[in-house]
Amino acid sequence: MTTPLRLGIAGLGTVGVGVVKIVQQHADLLEKRAGRPVVITAVSARSKDKDRGVDLSKYAWETDPVQLAQRDDVDVFVEVMGGHEGPAKDATAAAIEAGKDVVSANKALLAIHGQSLAEAAETAGRVIRFEAAVAGGIPVVKALTEGLAANEISRVIGVMNGSCNYILTRMESAGLSYEAVFDEANNLGYLEADPELDVGGIDAGHKLALLASIAFGTQVDFDAVELEGIGAVTIEDIHQAADMGYKIKLLGVAQMTGRGLEQRMSPCLVPDTSPLGQLEGGTNMVVLEGDAVSQVVLRGPGAGEGPTASAVMGDVMDIARGIRISTFGQPANTLRKARAARAAIPAPYYLRLQLLDKPGALAKVAHALGEAGISIDRMRQYGHLDTAAPVLIVTHKTTRAALEEALEAFHTTGVVSGDPVAIRIEEL
Ligand code: HSE
């Protein structure tokens with residue numbers, strides 16, 4: 001019999017239990033495909049007594065994940081605990097030091113400490129794999145590191161937080177406010193324990209930073225991700241963007257520009273007929289663009305027991321088969337530090353403003369845009385609400401700086417009521 005690959009699983013929440021189920025239910029399939037048995041030898045979690053609906057009696061139990069990581073009968077340390085400091089970080093470092101390979105679902109840990117962990121692993125001749133950290137069950141890390149390895153990647157773009165996509169699509173379908181759907185999603189258990197990780201764009205920002213590192217051969221730099229959450233998205237904008245042929249998505253975009261690496265996670269408009277525009281509910285979608293392949297669209301479940309465990313086990317199977325790929329697709333010591341682009345490349349913008357019902361009001365707004373060098377592509381005015389009329393403007397491509405100049409000038413026209421809304425339109 002060939003040597004089994006022995007897993008130590010740290011964390012028995014949704015994902016850990018999903019991994020245990022796959023190993024137990026698919027033992028034969030895994031062995032046939034890997035050419036060797038894949039077994040669990042030890043597990044650890046906070047509470048031993050909790051009934052998790054799976055039989056753990058044949059596995060050694062460790063209370064401390066660091067002890068688990070150091071066990072002689074563990075070849076691969078599977079980290080599905082979460083948290084970017086404390087036990088997850090300590091145990092991952094301990095596993096590498098003890099000569100184990102690591103499979104992690106921990107986006108925060110890798111987005112913040114990925115470079116140093118990858119360097120340590122590669123110095124020790126070990127691998128860290130993290131398919132489950134990005135977009136749940138979608139094999140996007142594999143697609144970038146393997147399938148598209150011969151492409152120069154120009155852009156990575158996607159919806160990588162299912163909870164936000166659920167909130168935005170539910171607001172539109174039910175005509176509900178952000179606050180109402182947020183509460184609904186929270187009550188349904190769709191949001192992280194700290195919901196700001198989801199709605200603040202942080203969780204998706206971690207994922208984008210990881211993909212950007214692989215795509216552009218750069219050191220992962222989460223701090224350089226320009227982050228804006230969905231808390232300010234209103235039902236009015238969802239409806240009126242729809243009227244102009246767009247959907248609002250929490251969109252991640254990473255691209256290498258002449259001015260440096262651009263990484264943004266923010267609400268953007270996308271054409272409603274595009275694959276991203278048609279993405280409903282908690283599903284994720286990642287679009288990869290490369291010089292040889294053109295465009296690849298990957299769509300699938302971004303969270304949940306089965307999908308995330310599937311991604312963990314994909315990495316485990318690579319290790320079982322002897323496939324050893326650098327954490328970020330090339331040796332960690334060859335990843336360069338990217339200069340962060342200070343400004344996003346020009347794009348069209350959607351503007352919504354309340355225009356007072358006065359002669360020449362529209363002309364003043366058009367003048368302010370013209371003075372800032374911004375050309376109008378399309379415009380629509382709705383019926384007056386008392387003294388003001390909602391006006392929607394879609395601009396031609398412009399810079400954020402020019403847009404800020406125009407928004408500033410709107411205030412001095414005396415015809416714009418309140419604060420105008422400006423949302424970037426991402427071209428696909
Ligand atoms: N909370 C995430 C989401 C899943 O809603 O997509 C884990 O990253």
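Helix α11 runs into G245, which follows it with a positive phi, near 95°. Helices (H or I, at least four residues) and strands (E, at least two) are DSSP runs here, numbered from the N terminus. The model is a predicted one, with local features needing pLDDT of at least 70 and side-chain atom pairs counting only at pLDDT 80 or more, while totals for chains, interfaces and linings use all residues. Residue numbers start from 1 along each chain as its sequence is written, and side-chain values use heavy atoms, with hydrogens and water left out.

Within α11 (residues 235-243), I235, D237, I238, Q240 and A241 are buried (under 20% relative accessible area, 1.4 Å probe, protein chains only). Their packing partners are α7 (162-174), β9 (246-257), β10 (260-271), β13 (349-356), β15 (388-395) and β16 (416-424), with contact meaning heavy atoms within 4.5 Å.

As for the sheet, 6 strands make an open, mixed one in the order β8-β10-β9-β7-β11-β12; pairing takes at least two DSSP bridges between two strands. β8 (226-227) and β12 (294-301) sit at the edges with a single partner strand each, so one side of each has no neighbour in the sheet. Further in, β7 (residues 153-159) and β11 (residues 283-290) pair in the antiparallel sense over 6 bridges, and I157 has V287 as its bridge partner in β11.

Terms used: Buried means under 20% relative accessible area, exposed over 50%, partly exposed in between (1.4 Å probe, protein chains only).
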